[in-house]
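Hi,

Here is the structure I promised to pass on. Have a look, and then read my notes below.

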Amino acid sequence: MIPITRPDLPAFEDYVELLERVWETRMLSNFDHYAQRLERLAGDYLGVGTRVVSSGDVGLTCAIAALDVPRGAHALVPAFTFNSTINALLWNGLVPTFVDIDADTLNMDPDAAARAAERVRPGLVVATHCFGNPVDAQGLSRVAAAHGAPLLFDAAHGYGSKRAGVHVGGIGDVEVFSLSGTKPVTTAEGGLVTSRDPEFLERFTYTRAYGFQTDYNSRFIGLNGKMSELHAALGVLTLAHIEETLETRLSLVERYRRNLQSVRGLRFQAVRAEDRSTYKDLAVIFSTAGARNSVEAALTSAAIQTKRYFRPCHAMDSFRRFSTETLPVTETMYERILCLPLFCDLGHEDLDRICHIVTSNAAC
Ligand SMILES: Cc1ncc(COP(=O)(O)O)c(C=O)c1O
């Protein structure tokens, strides 16, 4: 079976060597040596204030708590995202207003966001760097600024992505990364939260740690968002190699592009030449749902895993009640999209075989 993704792990001996310190000190958690080292490593790389957290999901929830948006306020958000983005709003008592995406970039469309903002006057604007493709930060910051709303980017897929040369993590007011096992660099489970605002970062250090610091006095509503030393030690090794990891991933994406360039009616998610995506997922879009379905079926019967990311949130059972407008682009993309296998040790022979199956089954 060819999986859709496979984590890129360091040499086992290198990990065990780091764990020796944990066994000696018996410090398993509480933002000790490796959590602090990972924060410095990621912060230096991203060039922005950075905090570790137990997952992207908890990072989003605690980040919104630290932004202190009044409960009941509306938040603009794409429906074409993972459900964590929406859950985090609801845990904080906010009301999601779903906004359509751009058909080329698959990111939230700033014009659609501006129209929705006029309707609901949002207290928060949230957008996802879909599959690592950096959002139009300028367009969205105009919308957010017009309503005095903070701009939060779900950067779950974007560790290593760049918008016009600037690392994702430093382009929103607050950004939240995931380091789970499906991401290009991983701590098994984990996340990072970034901001240029020291006051936000100070509040976030409370909300990610039950709401208190060493005095056990709860100052904010918090959660257990601690990253264990075992997870952080893994991240110290994997995040150190982000550039090599991305180089390999991007060369595989290039090979996919070359192999599939002549397939009629197939296109790739559009990433601007001056930007860089991690391609957390390699999405191809067909001109009809029939072509997508026939390629998907052929790949499945050849034991090649694919995914239909993202199932739109506005149509999910627990979020449907917030859906007030139709989202034609989101819905069409979900019918035509397919994510293909991409991971560092995907062999050229396997990649070429995948492309051959796509090419032979796309004419529907
Ligand atoms: C867009 C998006 N946001 C948030 C998350 C949640 O991250 P985590 O799995 O680290 O909790 C994911 C997970 O894949 C995601 O894809």
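Which domains does the domain assignment of the chain give? There is domain 1 (12-241) and domain 2 (242-361), with bounds from an automatic or database domain assignment. Please keep in mind that this is a predicted model, where local features need pLDDT of at least 70, side-chain atom pairs count only at pLDDT 80 or more, and totals for chains, interfaces and linings use all residues. Residues are numbered from 1 along each chain as its sequence is written.

The centres of the two domains, taken over C-alpha atoms, are separated by 24 Å. In the contact, 33 residues of domain 1 meet 30 residues of domain 2 (contact: C-beta atoms, placed from the backbone, within 7 Å). On the side of domain 1, the elements giving two or more residues are α4, β3 (95-99) and β6 (162-163); helices (H or I, at least four residues) and strands (E, at least two) are DSSP runs, numbered from the N terminus.

Now the ligand. Of the 13 residues around the ligand, Gly56, Asp57, Phe82, Ala156 and Ser178 come nearest (near: C-beta atom, placed from the backbone, within 6 Å). Both α3 (56-67) and α4 (83-91) supply at least two residues of this shell. Its residues comprise two nonpolar, nine polar and two charged (Ala, Val, Leu, Ile, Met, Phe, Trp, Tyr, Cys and Pro count as nonpolar, Asp, Glu, Lys and Arg as charged, and the others, Gly among them, as polar).

Best wishes

Key: Two residues are in contact if their C-beta atoms, placed from the backbone, lie within 7 Å.
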